[in-house]
Amino acid sequence: MNMQSDFSAVPPPGCPAHGSGKRVPLYGPEFAADPGAYYTYMRSHGPAAPVELSPGVEATLITDYSAALQLLQNPDTFRKDSRRWRDYNEGKVSRDSPVVPLLEYRPNCMFTDGAEHMRLRQAVTDSLAKVDTHRLSRHVERVADYLMDQFISRGSADLLNDYAKLLPLFVFNELFGCPAEIGDRVIFGISGIFDGINAEKANEVLGQSVSELVALKRRQPGEDVTSWLMQHHAQLTDEEMVHQLVLLLGSGAEPQRNLIANALLLLLSDERYAGAGLLVEDALDDVLWNSPPMSNYAPHYPVSDVDFAGTRLRAGDLVLISIAAANTDPALSASRQQLSKRAHLAWSAGPHACPAKDTSQLIGVVAIEKLLNQLPDIELAVPESSLTWRPGPFNRGLTALPARFTPIRTDKQPVAQQQIPTGDHRGHAQNKQEKGGLWSSFLSWWRV
């Protein structure tokens with residue numbers, strides 16, 4: 001049975017697929033406001049649903065936990081190399097589509113298969129394994145102190161944009177050994193790409209800055225992930241180094257900020273966390289199960305025509321995993337208590353499972369505990385129902401998380417930070433970033 005042809009259930013209110021038989025759109029404010037209603041609707045048509053990631057970009061979304069696990073663990077049938085993407089190759093998807101940057105091929109361990117994937121992934125996992133957890137914890141605490149110093153005397157903050165968004169970028173700059181000027185441009189590049197602000201320029205800046213970092217570490221290696229990756233027996237070329245680093249920086253920063261912010265929202269709004277007993281780790285697990293930072297991703301492509309999950313897939317079809325829908329699959333409701341806390345798919349599964357899940361978990365725990373310990377009376381500054389979510393098919397992320405607390409006097413004066421570019425001042429902000437931006441400000445603060 002081809003599930004893509006049966007659309008008798010009622011789509012959520014405002015869904016453009018309503019009564020039309022069209023693909024379900026995973027973009028726009030309606031989907032961002034209530035994705036759960038969309039997943040419920042899609043489940044009524046079986047484990048796989050026809051969706052549209054952005055106008056004209058078609059895909060099949062797997063919403064069933066068992067089917068998702070089966071696909072992720074079957075690299076012989078489903079490959080990651082997006083050069084197989086038929087619609088893109090045939091020109092049906094424009095290169096300037098907003099979803100293409102997160103789907104198009106790059107020679108990194110996310111978009112390769114077989115022996116090449118194993119070689120690149122081993123270099124990444126071995127390098128990340130050298131990260132000292134005590135050193136990492138101390139650095140997260142330093143960054144948290146710095147960011148809180150910028151708003152602690154005000155009695156209010158946007159915990160997303162003032163804290164959760166910036167903290168991972170600063171931590172990764174340290175882990176990868178970025179000096180001040182390169183680190184400023186890395187932050188500008190990653191922020192611009194994921195926020196869609198002058199994304200083409202941001203992508204160019206990120207590529208250039210990471211290339212400069214690789215050249216620097218060839219000359220002056222240090223105790224950092226970049227140098228360890230470079231020294232690995234896989235003998236990565238400079239091009240391979242750049243692509244692995246861009247992958248690690250980008251795929252780390254965006255999910256990490258959403259993980260921290262979504263967990264903070266849960267801790268500040270859910271009465272279960274008001275009393276004793278539940279820990280920050282429990283809140284993170286709750287988010288990873290029920291509001292995963294990457295809600296729909298893990299792109300795969302069938303090697304040949306195949307019947308899968310009740311749907312006929314053609315070779316080169318784009319197939320995504322709905323991590324959010326699979327994790328909340330009603331079929332799991334009776335067994336979720338017995339499942340391992342880590343049985344969720346937020347870290348993916350199979351040969352392409354996230355290699356940095358322990359690092360990410362540690363950063364999240366330390367960042368949140370540091371904030372809550374420093375600001376014990378912190379609370380949401382607006383009703384939870386007034387919060388909005390960023391539109392888009394892949395991520396589950398807030399636009400802002402306003403909070404208030406009792407102001408705390410500090411002897412340290414907030415550093416005059418350059419802001420990540422917004423609005424119509426992109427070029428001006430870009431020039432300021434290059435002269436001395438966010439990472440430079442942190443390094444100056446730390447040296448004082």
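Helices (H or I, at least four residues) and strands (E, at least two) are DSSP runs numbered from the N terminus.

The model is predicted: local features need pLDDT of at least 70 and side-chain atom pairs count only at pLDDT 80 or more, while totals for chains, interfaces and linings use all residues. Residues are numbered from 1 along each chain as its sequence is written, and side-chain values use heavy atoms, with hydrogens and water left out.

Helix H15 covers residues 357–374, and its 18 residues should span 26 Å at 1.5 Å a residue, which agrees with end C-alpha atoms 26 Å apart. The expected span is 1.5 Å times one less than the number of residues in the helix. The buried residues of H15 are Thr359, Ser360, Gln361, Ile363, Gly364, Val365, Val366, Ala367, Ile368 and Leu371.

## Strand E9 and its partners

Strand E9 (319–322) is covered on both faces, with Val319 and Ile321 buried on one side and Leu320 and Ser322 buried on the other. Strand E3 (residues 57–62) runs parallel to E9 and is joined to it by three bridges; strands pair if DSSP finds at least two bridges between them. Strand E6 (residues 296–302) also pairs with E9 over three bridges, in the antiparallel sense.

Val319 takes part in both pairings: Thr60 stands opposite Val319, and Val319 is the bridge partner of His300.

Asp317 lies in the loop between strand E8 (311–313) and strand E9. Asp317 counts as buried because its relative accessibility is 15%. A polar atom of the Asp317 side chain lies 2.8 Å from the backbone nitrogen of Arg314. Leaving aside neighbours within four places in sequence, Asp317 is in contact with Arg86, His300, Tyr301 and Pro302.

## Cysteines

The structure holds zero disulfides, a disulfide being a pair of cysteine sulfur atoms within 2.5 Å. For Cys109, the nearest cysteine sulfur is that of Cys354, 9.7 Å away. Cys109 is buried, with a relative accessible area of 9%, whereas Cys354 is partly exposed at 27%.

Terms used. Buried < 20%, exposed > 50% of the residue type's maximum accessible area, 1.4 Å probe, protein only. Polar contact = N/O pair within 3.5 Å; in protein donor to acceptor, adjacent residues only side chain to side chain. Contact = heavy atoms within 4.5 Å.
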